[in-house]
Amino acid sequence: MSQYEATVLWQRPPDIAFTDGRYNRAHLWRFDGGAEVPGSSSPQVVPLPFSAAEAVDPEEAYIAALASCHMLCFLWIAAKRRFVVDQYGDRAEGMMETNAEGREWVGRVVLNPRVAYAGTAPDRAAEEAMHHAAHEECFLANSVKTVIETRLG
């Protein structure tokens with residue numbers, strides 16, 4: 001099987017006490033292909049200035065990863081079924097909820113894919129079936145407890 005890795009780097013500035021909780025959560029994600037992405041806690045969880053609003057927070061990354069995995073599987077399925085996709089867009093949404101143990105978690109992710117095709121497009125039922133198959137194939141969807149919905153426009 002495949003193995004993946006990411007490096008997460010954070011360093012405390014020397015003039016910050018840290019134990020008072022007043023430290024910046026901005027950090028760096030480094031991926032094996034060389035991409036570097038600024039990361040931070042969500043400003044919804046840790047207020048500014050202790051978060052970096054311009055950085056990607058773990059909740060956003062989680063939602064984006066699920067949406068990206070779904071899209072990649074969908075594109076593969078569409079190609080196998082001989083549908084030519086010109087454009088795929090998704091404004092995915094994740095909802096924080098409280099689980100049975102009283103802990104917060106991303107309990108639901110809603111995918112809102114919009115697909116444009118060249119030539120013949122699948123009918124609504126065929127497109128729904130392709131999204132269902134993409135969900136079944138997605139490694140990440142198979143790895144999480146979060147409910148993942150797909151809503152077509």
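View 1. At 35% relative accessibility, Phe 18 counts as partly exposed (20% to 50% relative accessible area with a 1.4 Å probe, protein chains only; buried is under 20% and exposed is over 50%). This is a predicted model, in which local features need pLDDT of at least 70 and side-chain atom pairs pLDDT 80 or more, while totals for chains, interfaces and linings use all residues. Residues are numbered from 1 along each chain as its sequence is written, and side-chain values use heavy atoms, without hydrogens and water. Look for Phe 18 in the loop between strand 1 and strand 2 (strands are DSSP E runs of at least two residues, helices H or I runs of at least four, numbered from the N terminus). Although Phe 18 is not a glycine, its phi is positive, at about 80°.

**View 2. Gly 21, in the loop between strand 1 and strand 2.** Gly 21 is partly exposed, because its relative accessibility is 29%.

**View 3. The hairpin of strand 2 and strand 3.** Strand 2 (residues 27-31) runs antiparallel to strand 3, and four bridges join them. His 27 faces Gly 39 of strand 3, while Arg 30 has Glu 36 as its bridge partner. Four residues lie between the two strands, and in the turn Gly 34 has a positive phi of about 105°.

**View 4. Asp 57, buried and without a salt bridge.** Asp 57 sits in the loop between strand 3 (36-39) and helix 1 (58-80). What is the nearest side chain of opposite charge to Asp 57? It is Arg 91, 13 Å away (Lys and Arg count as positive, Asp and Glu as negative, with His and the chain ends not counted; a salt bridge needs a Lys or Arg side-chain nitrogen within 4 Å of an Asp or Glu carboxyl oxygen). The side chain of Asp 57 does reach the backbone nitrogen of Glu 60 at 2.8 Å, and one of its polar atoms lies 3.1 Å from the backbone nitrogen of Glu 59. Beyond its neighbours within four places in sequence, Asp 57 is in contact with Trp 29, Ser 40, Ser 41, Ser 42 and Pro 43 (heavy atoms within 4.5 Å).

**View 5. A cis peptide bond from Leu 48 to Pro 49.** Omega of this bond is near 10°. Pro 49 belongs to the loop between strand 3 and helix 1.

**View 6. Arg 82, an exposed residue.** Arg 82 is found in the loop between helix 1 and strand 4 (84-90).

Methods. Polar contact = N/O pair within 3.5 Å; in protein donor to acceptor, adjacent residues only side chain to side chain. Pairing = 2+ DSSP bridges.
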